[in-house]
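Please examine the sequence together with the three-dimensional model shown below.

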Amino acid sequence: MTDVADHFLDKSHGKFSFSSREEPALRIDPGTGERIAFETSDAVYAELHEHRDLDRLTVGINPVTGPVVVAGAEPGDALIVTIHEIRLKDFGWSVSLPGTGALRDVMGPKMFTRRIPIDAAGVHVTDQHVFDTKPMIGCIGTAPAEGEGSTVMPSFAGGGNMDLTGCRPGSKVYLPVMVEGAYLSIGDIHALMAEGESSFVAIEAEGTAVVSIELAKGMNLRAPRIETPEEWLFVGLGNPVQESITRGYEDMFSFLVEDHGWTREDAYAVLSAVGDSRLGGPTGSSTPDPLHPFNPVGAVTVHHLPKSVLRH
């Protein structure tokens with residue numbers, strides 16, 4: 001990856017939490033345009049495919065590569081992470097983990113795994129179904145102010161395992177900074193994922209994400225947001241789901257009124273007309289019952305605002 005990145009962080013830097021207590025893999029100055037390549041691991045899916053038994057795993061689930069410490073980042077700031085490229089290996093995985101995901105009852109207690117070829121033609125999900133690759137980052141975030149952020153569930157204010165299709169090449173991901181240095185980590189690349197991630201596991205794939213980092217002072221975000229070429233996406237986090245929806249819409253409203261100077265009435269009317277709300281990833285927004293660690297609590301929602309409304 002040296003031909004497309006100034007820094008390469010291989011998967012040996014994988015960690016199982018977002019935390020400022022982790023030893024930094026890299027320290028950078030923001031806004032230089034330097035590109036950082038984060039290699040991710042799919043070792044857990046290879047082991048599940050081999051053994052079909054969670055109890056025989058020798059590796060952890062959902063490691064994130066990093067962390068990267070960003071000079072000058074302070075609580076109240078935001079990282080702007082531009083995703084330039086995601087390179088995939090030549091295969092991925094489809095896996096059902098018993099007891100997880102919206103399809104857990106119909107799939108039953110037996111684990112299903114499938115090695116999915118990936119080539120120039122696309123993602124070979126079945127012998128008859130080949131889909132275009134749409135690589136994305138499932139797990140991206142900064143360290144929380146206290147304790148650790150999970151790489152599995154729940155998602156939290158700094159990001160985490162949000163599983164959002166908008167985290168793709170060409171997008172900018174805005175992440176709240178809650179500790180000095182921010183401590184950015186990235187993992188869980190998907191070759192392809194339907195919105196909402198019905199199975200809790202998408203078409204998982206080992207790969208490398210190439211990003212650059214800018215710093216926005218004093219943005220005071222309470223949740224991540226994503227800028228794509230076509231729209232702004234606002235992440236809602238709350239329990240129950242209606243609280244998540246409300247928080248996402250409030251952030252979108254504030255974006256128009258406070259950041260862009262709209263009247264409250266104009267913002268209200270436009271969001272009523274074109275502000276879409278959808279379910280995000282299935283990881284929840286609150287810590288699950290420890291006896292049922294894969295049962296999400298609360299919701300991640302995503303609120304879509306077309307950029308075209310800002311050009312009028």
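Two residues are said to be in contact when heavy atoms of theirs lie within 4.5 Å. Among the contacts in the protein chain that join residues at least 6 apart in sequence, 77% link residues at least 24 apart. The model is predicted, so that local features need pLDDT of at least 70 and side-chain atom pairs count only at pLDDT 80 or more, while totals for chains, interfaces and linings use all residues. Residues are numbered from 1 along each chain as its sequence is written, and side-chain values use heavy atoms, with hydrogens and water left out.

The protein chain contains four helices and 20 strands; these are DSSP runs numbered from the N terminus, helices being H or I of at least four residues and strands E of at least two. Along its principal axes the C-alpha trace spans about 60 × 40 × 40 Å. Of the 312 residues, 50% count as buried, a class defined by a relative accessible area under 20%, with exposed meaning over 50% and partly exposed in between (1.4 Å probe, protein chains only).

Strand β5, residues 64-70, illustrates the covered part of the chain: seven of its seven residues are buried. Two strands are taken to pair if DSSP finds at least two bridges between them. Strand β2 (residues 14-15) runs antiparallel to β5 and is joined to it by two bridges, with K15 having V64 as its bridge partner. Strand β3 (residues 26-28) pairs with β5 in the parallel sense over three bridges, and here I28 has V70 as its partner. A further three bridges join β5 to β14 in an antiparallel arrangement, in which V64 stands opposite G187.

Which loop holds V179? V179 is placed between β13 (172-176) and β14. With a relative accessible area of 9%, V179 is buried. Leaving aside neighbours within four places in sequence, V179 is in contact with S20, A73, P75, A143, P144 and A145. The C-alpha atoms of V179 and E34, which are 145 residues apart along the chain, are separated by 22 Å.

The remaining topic is empty space. Rolling a probe the size of a water molecule over the atoms shows where such space is left. On a 1 Å grid over the protein atoms alone, a cavity is a set of points where a 1.4 Å probe fits but cannot get out, whereas a pocket is an open set with protein on both sides within 12 Å along at least five of seven lines; lining residues have an atom within 4 Å of a point. Grid points are joined across faces, edges and corners, and a volume is the space filled by probe spheres set on the points.

The largest pocket has a volume of about 490 Å³. Its lining comprises 27 residues, of which S94, L103, S198, S199 and V201 are the closest to its centre. At least two lining residues come from each of β7 (91-96), α2 (104-107) and β8 (112-119). By class the lining has 14 nonpolar, nine polar and four charged residues, where Ala, Val, Leu, Ile, Met, Phe, Trp, Tyr, Cys and Pro count as nonpolar, Asp, Glu, Lys and Arg as charged, and the others, Gly among them, as polar. The second largest pocket, of about 270 Å³, is lined by 21 residues, with A102, G196, G281, P282 and P296 nearest its centre. Its lining divides into eight nonpolar, eleven polar and two charged residues.

How many cavities of 30 Å³ or more are there? The count comes to two. The largest cavity holds about 150 Å³ of space, and Y45, I61, N62, F200 and V201 lie nearest its centre among 18 lining residues. Helix α1 (residues 43-51) supplies the largest share of this lining, three residues. The second largest cavity has a volume of about 60 Å³. Its lining includes Y45, N62, D188 and I189, and the elements that give two or more residues to this lining are α1 and β14 (184-192).
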